[in-house]
Amino acid sequence: MRYWLMKSEPAEFSIDDLACAPRRSAAWTGVRNYQARNFMRDDMRSGDRAFFYHSSCAVPGIAGIAEIAKSAYPDPTQFDPGDEYFDPKATRDRPRWFSVEVKLVAKTRLVPLPELRARRQLADMRLLARGNRLSITPVTAAEWKFILRLMKKPAGGGS
DNA sequence: GCCAACGTTGGC
DNA sequence: GCCAACGTTGGC
């Protein structure tokens with residue numbers, strides 16, 4: 001099983017939207033970056049776990065935990081001319097973009113970005129790498145376990 | 001709104 | 001294949 005971090009702008013789709021979705025499950029659509037696509041298409045498997053990250057908002061940070069409920073399939077929005085994520089170069093025979101199905105495991109306390117940055121155990125986290133913009137990044141097992149522990153501590157708690 | 005950093009596009 | 005111009009991301 002692998003671990004991931006998936007970014008979403010809460011104004012577009014938040015952890016609460018996922019919590020309110022039928023079966024607390026939703027299609028992760030609109031990824032239009034090749035590296036992020038490759039992670040989804042080639043490496044994500046059903047049963048993998050992911051941190052749900054809120055980006056481009058007042059308090060960016062990890063907001064919860066999700067599970068990959070269904071591995072990659074063609075992202076339907078690329079075929080829809082009325083959709084903002086329509087891609088005229090994509091065809092049904094040769095889809096360019098992919099989605100996965102994501103299911104909420106737990107909403108957690110929000111772990112803000114500066115709190116992640118402050119932990120030297122997370123110094124090598126892909127999310128925190130200089131200039132990183134990838135909306136989907138791998139998380140190591142050690143990082144995953146460390147952040148799970150962090151989530152159980154009160155906000156800003158020391159040690 | 002600013003700006004750093006990265007990705008994509010397209011002329012050559 | 002190079003690289004300048006442009007677009008996007010995302011924190012601040």
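Cys 57 is partly exposed, with a relative accessible area of 27% (buried is under 20%, exposed over 50%, partly exposed in between, with a 1.4 Å probe and protein chains only). This is a predicted model, where local features need pLDDT of at least 70, side-chain atom pairs count only at pLDDT 80 or more, and totals for chains, interfaces and linings use all residues. Residues are numbered from 1 along each chain as its sequence is written, chains are lettered from A and ligands numbered from 1 in the order written, and side-chain values use heavy atoms, without hydrogens or water.

**Exercise 1.** Work out how many disulfides there are.

*Solution.*
- Start with the rule: a disulfide is a pair of cysteine sulfur atoms within 2.5 Å.
- Now take Cys 20: its closest cysteine sulfur, in Cys 57, is 17 Å away, so that's too far for a bond.
- Cys 57 is in no disulfide either.
- The count comes to 0.
- As for accessibility, Cys 20 sits at 69%, so call it exposed.

**Exercise 2.** Find the residues around DNA strand C and sort them by class.

*Solution.*
- Being near means having a heavy atom within 4 Å of the strand.
- That gives Lys 7, Tyr 53, Ser 55, Ser 56, Pro 60, Leu 113 and Arg 133.
- By class, there are 3 nonpolar, 2 polar and 2 charged residues.

**Exercise 3.** Which parts of DNA strand C do Lys 7, Ser 56 and Arg 133 approach?

*Solution.*
- Lys 7 has a side-chain N or O atom 2.7 Å from a phosphate oxygen.
- Ser 56 uses a backbone N or O atom, 2.9 Å from a phosphate oxygen.
- With Arg 133, a side-chain N or O atom is 2.6 Å from a base oxygen.

Conventions
Polar contact = N/O pair within 3.5 Å; in protein donor to acceptor, adjacent residues only side chain to side chain. Nonpolar A, V, L, I, M, F, W, Y, C, P; charged D, E, K, R; others polar.
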